[in-house]
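Q: Hey, can you walk me through this protein? I'm new to reading structures.

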Amino acid sequence: MSNTLIKIYMGLINRVGFLRRFRSKLIHNVYSFNSLPITKVFPGIGSVKIDLIGLEYKYLGDDGEIITSPNDMVAICAIIKHIGAKKIFELGTALGLSTLQFVKNSDDDAIIYTIEREAAQYSKTYRSYFLNEIDLTPEQIVGWYYKNTDFKNKIIQLRGDTLTYDFGLYYNKIDLVFIDACHGFRSVEKDSHTALKMLSEKGVIVWHDYNIAFPDVIKYLHRLSKKIRLYYITGTNIVVYKKNI
Ligand SMILES: C[S@@+](CC[C@H](N)C(=O)[O-])C[C@H]1O[C@@H](n2cnc3c(N)ncnc32)[C@H](O)[C@@H]1O
C-alpha cells in the first residue's frame with residue numbers, strides 16, 4: 001500500500017472512530033439525563049384528555065423526517081391542560097401546527113402568544129420545503145394551520161427575532177413557554193433565559209427537539225440542568241422545567 005493510501009485509510013479510521021465516539025457520547029447523555037415518565041413529573045396528569053387536530057394533514061416530510069411528533073404534542077397539551085395554563089408563549093410558530101394544538105387543548109379564556117421571524121428571514125427554508133407543494137406565499141405560511149379556524153381569536157401572532165425581541169411585557173406572566181425556534185446553542189441559550197424571565201409563579205418551560213439530531217439542544221440543556229432541575233419526558237423529544245410545582 002502506498003503512503004497516500006495508508007494516509008487516506010488512517011484518516012477514515014480516525015474520522016469514523018471520532019464519529020462513533022461522538023454519537024455514543026450523545027446517546028449516553030440522552031439516556032443518562034434525568035428522565036421520567038410524564039405521570040411522575042406531573043402526578044395526576046394521566047386523567048387529562050387530549051384532542052389533536054390537523055396532524056392528519058402532514059407530519060412527515062418528503063424524506064420521511066418527522067416534522068411534528070404526535071407524542072410530543074400529546075405531552076405538551078396534557079401539561080397545558082393539567083396546569084390550567086392561561087397564558088402560553090410559543091417561540092417558533094412556523095405553520096402553526098403546534099399553536100393549533102395548544103389552542104384546541106387550553107381553556108376558552110387562555111391566550112397563546114406565538115412568535116415567528118419576519119418573512120425575509122425564513123422564506124428561503126420554507127420555499128424549498130413547503131411553498132412549491134402547498135402554493136403559499138411566505139407571509140401566508142406563518143400560522144397557516146390556525147388562520148382559518150375559529151380558534152384564531154385566542155392567538156396573538158407576534159413577528160420578530162427572539163434574539164432581539166423585547167419580551168419585557170411578558171415577564172413573570174406566562175404559565176407555559178414552548179421553546180422551538182432556532183436550535184443552535186446561542187439561540188437556545190438566549191431563548192431559555194427569556195423563558196425563565198417570562199415564567200409566572202407556577203410556570204413551566206418545555207423545550208422541543210431534545211434528540212441527537214439537535215446536539216446543541218442537548219448540550220445546552222445538560223449545562224442548564226446543573227443549575228436548575230430539568231426532566232426529560234420519556235417517549236418524547238421534550239424537556240421540562242417546573243418553577244414552583
Ligand atoms: C421547528 S419550527 C417551529 C415548529 C412549530 N412550533 C410546530 O411544532 O409546528 C421553528 C420555527 O422557528 C423560527 N425561528 C427560528 N429562529 C428564530 C428566531 N430567532 N426568532 C423567531 N423565530 C425563529 C423558524 O423560522 C421556524 O419557522
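Q: What share of the residues is buried here?
A: Buried residues make up 33% of the 245 residues in the protein. A residue is buried if 20 or more other C-beta atoms lie within 10 Å of its own, exposed if 12 or fewer, and partly exposed in between, with C-beta atoms placed from the backbone. Heads up: this is a predicted model, where local features need pLDDT of at least 70 and side-chain atom pairs count only at pLDDT 80 or more, while totals for chains, interfaces and linings use all residues. Residues are numbered from 1 along each chain as its sequence is written.

Q: What does valine 177 touch?
A: Leaving out residues up to four places away in sequence, valine 177 touches Phe89, Ala195, Met198, Leu199 and Ile205. Touching here means that the C-beta atoms, placed from the backbone, lie within 7 Å.

Q: New topic: where is asparagine 172?
A: Asparagine 172 sits in the loop between β4 (155–159) and β5 (174–179). Its phi is positive, about 65°, although it is not a glycine.

Q: Is asparagine 172 buried or exposed, and why?
A: Asparagine 172 counts as exposed because it has 10 C-beta neighbours inside 10 Å.

Q: What about aspartate 209, what's its phi?
A: Aspartate 209 also isn't a glycine, and has a positive phi of about 60°. You'll find aspartate 209 in the loop between β6 (199–207) and α9 (215–224). With 19 C-beta neighbours inside 10 Å, aspartate 209 counts as partly exposed.

Q: Last one: at what angle do α8 and α9 cross?
A: The axes of helix α8 (residues 185–198) and α9 cross at roughly 45° and come within 8 Å. Axes are lines fitted to C-alpha atoms, for helices over the stretch in contact, and angles run from 0 to 180 degrees between N-to-C directions.

Q: Who makes that contact?
A: Phe185, Val188, Glu189 and Ser192 of α8, with Asp216, Val217, Lys219, Tyr220 and Leu224 of α9.

Technical notes: Helix = DSSP H or I, 4+ residues; strand = E, 2+ residues; numbered from the N terminus. Contact = placed C-beta atoms within 7 Å.
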